[in-house]
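Have the structure open beside you and try each task before reading on.

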Amino acid sequence: MTTNTTSDNALTNNTEQELRARYLEIAEMAGGLAHEIRNPLSTISLNLGVLREELDGADTPRDQRMLKRLTAIQTECDRLEKFLNDFLQFTRVMELNCQSVDLSEFVAELIEFIKPEFSRQNIEISPHLGTNLPTVKLDEAFFRRGLLNLTRNAQQVMPDGGVLEFQTYLADDRVILEIIDTGKGIPENVREKIFDAFFSTKTGGSGLGLPTVRKIVEVHQGEIQCASEIDKGTRFRISLPIHP
Ligand SMILES: Nc1ncnc2c1ncn2[C@@H]1O[C@H](COP(=O)(O)OP(=O)(O)O)[C@@H](O)[C@H]1O
Ligand SMILES: [Mg+2]
């Protein structure tokens, strides 16, 4: 009986290791592929820019038609570039370099960074950051990137302005961060899918923003949840374990 359990465990470990190795291999290949496409794409994009400049102020119908086509190609190139960047971010194997961090200070810095752009779009930032919270263990670069995905989504649902609230507090021995917008909200049938890779309701959206956020939160032993009310707004809640 005991022998069986041991060999079962050995089998599970082995399979887990194998799966992990295979995942790493696929992630590496996908990343390599994205890089291979991204480099020539940026050359294409650069040359398109030059061609469009040459046609700037075109006055013959032929040149105008050409300019229009080049602009359409450029739009698609931009979309592909954005998609590849999101894809690279999503497939990246995260090797964390963690530090003990005061989440409120971390969020305050992030707010300083995004504030100018948000205030230009009439989005008021409303921070409610707890003081003297226990520290959490964060890879600041990855975590910042994750939060920026959330704030970018919020920015996109408040094109005519609104309020973006940040809360940090302690609950049940975990440190909580909530990011709350006053955008259009998410219908329930959509909310079920928002963390699925490639799911997007935006034209040209990669649908990789939230899956990437979730991945980043989970490698920090955290959890992320979403609550939303139509025409009121959306709340993302991240909880992180305390780091003694
Ligand atoms: N703050 C938000 N308010 C309303 N809808 C949101 C918000 N954040 C995400 N969503 C919904 O979740 C979908 C997936 O988001 P995401 O993974 O970031 O991909 P993308 O931004 O490329 O669409 C979005 O297309 C949108 O429908
Ligand atoms: Mg997004």
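**Exercise 1.** Find which residues of α3 meet which residues of α4, and classify the contact.

*Solution.* Step 1: on the α3 side, take Phe-106, Leu-110, Ile-114 and Phe-118; they meet Glu-140, Arg-144, Leu-147, Thr-151 and Gln-155 of α4. Contact here means C-beta atoms, placed from the backbone, within 7 Å, and helices are DSSP runs of H or I with at least four residues, while strands are runs of E with at least two, numbered from the N terminus. Step 2: sorted by class, this contact holds five nonpolar, two polar and two charged residues. Nonpolar covers Ala, Val, Leu, Ile, Met, Phe, Trp, Tyr, Cys and Pro; charged covers Asp, Glu, Lys and Arg; the others, Gly among them, are polar.

A word on the model: it is predicted, so local features need pLDDT of at least 70 and side-chain atom pairs count only at pLDDT 80 or more, while totals for chains, interfaces and linings use all residues. Residues are numbered from 1 along each chain as its sequence is written, and chains are lettered from A and ligands numbered from 1 in the order in which they are written.

**Exercise 2.** Describe how α3 and α4 are arranged: what is the angle, and how far apart are the axes?

*Solution.* Step 1: α3 spans residues 103–120 and α4 spans residues 140–156; they pack at about 40°, with axes 11 Å apart. Axes are lines fitted to C-alpha atoms, for helices over the stretch in contact, and angles run from 0 to 180 degrees between N-to-C directions. Step 2: the two helices are therefore oblique to each other, given that angles under 35 degrees are roughly parallel, over 145 roughly antiparallel, 65 to 115 roughly perpendicular and the rest oblique. Step 3: the crossing of α3 and α4 is right-handed. A crossing has this hand if the near helix is turned clockwise from the far one by less than a right angle, and is left-handed if anticlockwise.

**Exercise 3.** Now turn to α4 and α6: which hand does their crossing have, and which residues meet?

*Solution.* Step 1: the angle is about 145° and the axes lie 9 Å apart. Step 2: α4 passes α6 in a left-handed crossing. Step 3: from α4, Phe-142, Phe-143, Gly-146, Asn-149, Leu-150, Arg-152 and Asn-153 meet Gly-209, Leu-210, Thr-212, Val-213, Ile-216 and Val-217 of α6. Step 4: these residues comprise seven nonpolar, five polar and one charged.

**Exercise 4.** Which residues of α6 are buried, and what do they pack against?

*Solution.* Step 1: within α6 (residues 209–219), the buried residues are Gly-209, Leu-210, Thr-212, Val-213, Lys-215, Ile-216 and Val-217. Buried means 20 or more other C-beta atoms, placed from the backbone, within 10 Å of the residue's own; 12 or fewer is exposed, and in between is partly exposed. Step 2: their partners are α2, α4, β6 (223–229) and β7 (233–241).

Conventions
Two residues are in contact if their C-beta atoms, placed from the backbone, lie within 7 Å.
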